Amino acid sequence: WTVAKSLSAKWLREQLLKLDPSYSQFMGVEELCPPSGARRTIQIPGRVVTTSRLVDDLINTRSFRRLSAMNQLLFVDVLYPGAAHKRSLHSLRAYAYCADMIESLAQTPRFRLFVTPMMARQALVLSLLHDINHFPLLHVFQEARGKYMSDFNILDFFCDGEATNDRPSIYTLIEQVGITRQMFTDFFSSPI
């Protein structure tokens with residue numbers, strides 16, 4: 001009862017509105033709008049993906065665009081010519097799958113009660129940027145013994161905008177959805 005007494009009527013109203021089926025469809029998140037009604041979309045093979053100004057700004061950074069020059073599966077296309085998709089396409093597909101997952105989960109009341117629209121946007125941004133620190137043969141460097149990259153922060157190199165001349169930087173852009181630089185680096189450095 002002490003917890004219930006401490007909650008305001010405004011908070012309770014917000015929680016009850018989340019149970020409304022109209023909230024579940026898109027949660028008020030621009031990136032979850034169906035492509036037919038979206039202001040911004042991007043075409044990837046097999047589907048149209050809804051974006052937003054933030055997502056467009058992230059995709060247009062030099063750090064993200066460089067992923068278009070890297071194969072997702074290095075040298076696999078030598079044996080299988082159709083396996084030549086790029087890391088940028090892989091990242092956009094991950095973003096699209098994340099949007100599909102959020103849309104599906106938003107049909108359940110429990111998800112709507114615990115996940116806010118800001119959290120949904122954060123998940124979408126993180127899914128889009130999950131490979132931003134990759135470079136060719138990264139895993140070879142990671143698995144090689146030695147401290148080749150111990151004094152070098154590859155995430156800062158691609159996200160702070162200094163080396164890439166991205167203005168605004170990825171770190172600045174993701175602050176729009178409440179992701180700080182520290183939160184972002186912690187996300188990428190946490191063990192799986």
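Ser-52 counts as buried, at 1% relative accessibility. Buried means under 20% relative accessible area, exposed means over 50%, and partly exposed lies in between (1.4 Å probe, protein chains only). Ser-52 sits in the loop between strand E2 (47-50) and helix H4. Helices (H or I, at least four residues) and strands (E, at least two) are DSSP runs, numbered from the N terminus. Leaving out residues up to four places away in sequence, Ser-52 touches Glu-30, Glu-31, Arg-40 and Arg-121. Contact here means heavy atoms within 4.5 Å.

This is a predicted model, in which local features need pLDDT of at least 70 and side-chain atom pairs count only at pLDDT 80 or more, while totals for chains, interfaces and linings use all residues. Residues are numbered from 1 along each chain as its sequence is written, and side-chain values use heavy atoms, with hydrogens and water left out.

**Core**

The largest nonpolar core has 38 residues. Such a core is a set of buried Ala, Val, Leu, Ile, Met, Phe, Trp, Tyr and Cys residues joined through side-chain atoms within 4.5 Å. Leu-58, Leu-129, Ile-132, Ile-174 and Phe-184 touch the most other members. Helices H4 (53-59), H7 (87-105), H9 (117-128), H11 (154-159) and H12 (170-174) each give two or more residues to this core. H7 supplies the largest share, 7 residues.

Phe-184 is buried, with a relative accessible area of 0%. Its contacts, not counting residues up to four places away in sequence, are Leu-126, Leu-129, Ile-132, Leu-155, Cys-159, Tyr-171, Ile-174 and Ile-179.

How many aromatic pairs does a search of the whole structure find? It finds 1. Rings of Phe, Tyr and Trp (its six-membered ring) pair if their centres lie within 6.5 Å; planes under 30 degrees apart count as stacked, over 60 as edge-to-face and the rest as tilted. Tyr-171 and Phe-184 form an edge-to-face pair, 6.1 Å centre to centre with 85 degrees between the planes. Tyr-171 is in helix H12 and Phe-184 in helix H13 (residues 181-189), 13 residues apart. Tyr-171 is buried too, at 4% relative accessibility.

Phe-187 also lies in helix H13. Phe-187 is partly exposed, with a relative accessible area of 42%. Phe-187 and His-130 are 57 residues apart in sequence, yet 9.5 Å apart in space, C-alpha to C-alpha.

**Salt bridges**

The structure holds 5 salt bridges. Each is a side-chain nitrogen of Lys or Arg within 4 Å of a carboxyl oxygen of Asp or Glu. The table includes three of them.

| Pair | Closest N and O atoms |
|---|---|
| Asp-100 and Arg-47 | 2.9 Å |
| Arg-87 and Asp-131 | 2.8 Å |
| Arg-181 and Asp-156 | 3.2 Å |

Asp-100 in helix H7 and Arg-47 in strand E2 are 53 residues apart. Asp-100 is partly exposed at 32% relative accessible area, and Arg-47 is partly exposed at 26%.

Arg-87 lies in helix H7 and Asp-131 in the loop between H9 and helix H10 (138-143), so this pair ties together parts that are 44 residues apart in sequence. Arg-87 is buried at 9% relative accessibility, and Asp-131 is buried at 5%.

Arg-181 lies in helix H13 and Asp-156 in helix H11, so their bridge joins parts that are 25 residues apart in sequence. Arg-181 is partly exposed at 37% relative accessible area, whereas Asp-156 is buried at 18%.
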